[in-house]
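Trainee: I want to learn how to read helix packing. Please take me through a case.

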Amino acid sequence: MQLDDKHPRKVGRPTGKQDNRDKIIAAARELFIDKEYSKVTMRDIAELAGSDPGLIRYYFGAKDALFITMIKETSAPVLAQIKSISEAPKVGSLHDLMNTYYQVMAKNPKFPRLMHRLLSMAHESNDFPEIAEVANNIAKTQRNLIFDSLKKQGALQDDVNVPSAQLSFFSLMVFPFLAPKIMLDSLGIQITPEFLTEHAKQNNQLLTQGLFKAQVNPDVTKETSNEHQ
């Protein structure tokens, strides 16, 4: 993965509609998901966004800056939820986090595949500090202290292994977006917001019954603010 060596000196936001910037971000996300980074050109992005390369450079500077902005802005709601939950974790936090992730990714169902590629190449990104930083920030979502705190609170069963519990949680949360289409088709599953809302509740029940002590009864029916947006 090679990034642009130079950035234009002037980067900013010209007078115009926010819609233009959003279309560029959306076009970049679609192309970077479907193609290797090196195969995506500014002209490709401009054509899909109904814009022009000059306007993209004015907004973002260069392709690598646009790529980083797209990754950060798409993953920002999930990372913000993780930060909030980590500060005061409770049993119901797991459902809130999973539901937030599903609501965000329902709009960008292929984005987790891009995140997977980004994490896989993180160890090869030493020459590109900004890309490595993005990858590391995403990876930190799997090193959060939510389960450690729940263990200390006495919410988890005594024999629960914390790292294994975290792996189970993130596997349940992410796999629907990484599952091969042939598998989803054979199960009659379509990744829709409605399916993901119900799937989050079912996953929460699995986690609750398998990890938490019997007296812990999280409110799995609580709707998060994301469900009302």
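Mentor: Start with a contact list, where contact means heavy atoms within 4.5 Å. In H1, the residues Lys23, Ile24, Ala27, Ala28, Glu30, Leu31 and Phe32 meet Asp44, Ile45, Leu48 and Ala49 of H2. By class, the residues of this contact are eight nonpolar, no polar and three charged. Here Ala, Val, Leu, Ile, Met, Phe, Trp, Tyr, Cys and Pro count as nonpolar, Asp, Glu, Lys and Arg as charged, and the others, Gly among them, as polar.

Trainee: What kind of model is this, and how are residues numbered?

Mentor: It is a predicted model: local features need pLDDT of at least 70, side-chain atom pairs count only at pLDDT 80 or more, and totals for chains, interfaces and linings use all residues. Residues are numbered from 1 along each chain as its sequence is written, and side-chain values use heavy atoms, with hydrogens and water left out.

Trainee: How many helices and strands does the protein chain have?

Mentor: Eleven helices and zero strands. These are DSSP runs, numbered from the N terminus: helices are H or I with at least four residues, strands E with at least two. Buried residues are 45% of the 229 in the protein chain. Buried means under 20% relative accessible area, exposed over 50%, partly exposed in between (1.4 Å probe, protein chains only). Among contacts with a separation of 6 or more, 70% join residues 24 or more positions apart.

Trainee: How do I describe the packing of two helices?

Mentor: Two packed helices are described by the angle between their axes and the distance between the axes. Axes are lines fitted to C-alpha atoms, for helices over the stretch in contact, and angles run from 0 to 180 degrees between N-to-C directions. The axes of H1 (residues 18-34) and H2 (residues 42-49) come within 8 Å and cross at roughly 120°. That makes H1 oblique to H2. Angles under 35 degrees count as roughly parallel, over 145 as roughly antiparallel, 65 to 115 as roughly perpendicular and the rest as oblique.

Trainee: Is the crossing of H1 and H2 left-handed or right-handed?

Mentor: Right-handed. A crossing is right-handed if the near helix is turned clockwise from the far one by less than a right angle, and left-handed if anticlockwise.

Trainee: Which residues of H1 and H6 meet?

Mentor: Arg29, Phe32 and Ile33 of H1 meet Phe111, Leu114 and Arg117 of H6. This contact has four nonpolar, no polar and two charged residues. The axes of H1 and H6 (residues 111-120) come within 9 Å and cross at roughly 60°. H1 and H6 are therefore oblique to each other. Their crossing is left-handed.

Trainee: How do I find the buried side of a helix?

Mentor: An α-helix has 3.6 residues a turn, so residues three or four places apart point the same way. In H2, the buried residues are Met42, Ile45, Ala46 and Ala49. They cover an arc of only 100° around the axis, taken from the directions from the helix axis to the C-beta atoms, which puts them on the same side of H2. Arg43 and Glu47 are exposed on the other side of H2.

Trainee: What do the buried residues of H2 pack against?

Mentor: They pack against H1, H3 (53-60) and H4 (63-87). Gly50 follows H2, and its phi is positive, near 70°.

Trainee: Where does Gly92 lie?

Mentor: In the loop between H4 and H5 (93-107). Gly92 is buried, with a relative accessible area of 17%. Gly92 and Asn204 are 112 residues apart in sequence, yet 8.7 Å apart in space, C-alpha to C-alpha.
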